[in-house]
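The following paragraphs lead through a single model, from its overall architecture to individual side chains. Please keep the sequence and the structure in view while reading.

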Amino acid sequence: MGIQVRRRAEARWAGTVPTGVGHIRTASKALDSDYSLRSRETDDAPLNTNPEELIGAGLAGCFAMSVANLLEQEGYDGVEVTANAVVRLEETGAGYRITEIGLSVTGRADGLADDDFARLTDQAKRTCPVSLALAGTTITLAQTKVVS
């Protein structure tokens, strides 16, 4: 069998959505941050993150790694890939939805041509694990309980 990885994160929320505050952290301790409605709606919330930013970071990181892997598989040397994601959250008739994620990707490798890079970035879009997850992943509720 191949690689199987499980990563953990935790989020807590206290209070109403307009005035409350949340805290999110990863088991690796790489991220340990507050979040709030303000951090979702504005860019000036000090040292706060938000779910959309985290989704964008996850996609950009996975996508850059996937493109770099494809370039390496094609025999390119001196590979460097940068991916930027812009996640759009908007209110729709069905509620709040992430309606679009725009990726901008730049790459460099010895002898790399634009058409090869376009082909490989398109392949990464179709095969990157986070891209696939965002296309529609089953979310299971492994446990739900009320605590006092």
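Contact here means that heavy atoms lie within 4.5 Å. With neighbours within four places in sequence left aside, S131 is in contact with L59, F63, A124 and K125. S131 lies in helix α4 (residues 129–135), and it counts as buried because its relative accessibility is 14%. The classes of exposure are defined by relative accessible area: buried is under 20%, exposed is over 50%, and partly exposed is in between (1.4 Å probe, protein chains only).

The model is a predicted one, in which local features need pLDDT of at least 70 and side-chain atom pairs count only at pLDDT 80 or more, whereas totals for chains, interfaces and linings use all residues. Residues are numbered from 1 along each chain as its sequence is written, and side-chain values use heavy atoms, with hydrogens and water left out.

The protein chain has four helices and six strands, arranged along the sequence as β-β-β-α-β-α-β-β-α-α. These elements are DSSP runs numbered from the N terminus, helices being H or I of at least four residues and strands E of at least two. Along the principal axes, the C-alpha atoms fill a box of roughly 60 × 40 × 30 Å. Of the 148 residues, 22% count as buried. Among contacts with a separation of 6 or more, 38% come from residues 24 or more positions apart.

The surface may be considered next. The protein chain exposes about 11000 Å², of which carbon and sulfur atoms supply 51%; accessible areas come from the Shrake-Rupley method with a 1.4 Å probe, and for residues only the protein chains shown count as cover. A nonpolar patch on the surface is formed by L89, Y96 and I98, with about 280 Å² of accessible area together. Patches are made of residues with over 30% relative accessible area and no salt bridge, like charges being joined within 9 Å and nonpolar side chains (Val, Leu, Ile, Met, Phe, Trp, Tyr) within 5 Å.

K29 lies in the loop between β2 (21–26) and β3 (32–35), and its relative accessibility of 70% makes it exposed.

Charged side chains complete the picture. A salt bridge is a side-chain nitrogen of Lys or Arg within 4 Å of a carboxyl oxygen of Asp or Glu, and by this rule the count comes to eight salt bridges. One of them joins E74 and R119, at 3.1 Å from N to O. Because E74 lies in the loop between α2 (51–73) and β5 (80–92) and R119 in helix α3 (residues 114–127), the pair ties together parts that are 45 residues apart in sequence. E74 is partly exposed at 42% relative accessibility, and R119 is partly exposed at 37%.

Another salt bridge pairs R108 with E80, with the closest N and O atoms 3.9 Å apart. This pair links distant parts of the chain, R108 in strand β6 and E80 in strand β5, 28 residues apart. R108 is exposed at 55%, whereas E80 is partly exposed at 43%. In the salt bridge between D122 and R126, the closest N and O atoms are 3.2 Å apart; both residues lie in helix α3, four residues apart, about one turn of the helix. Finally, E10, R12 and R25 are linked in a network of salt bridges.
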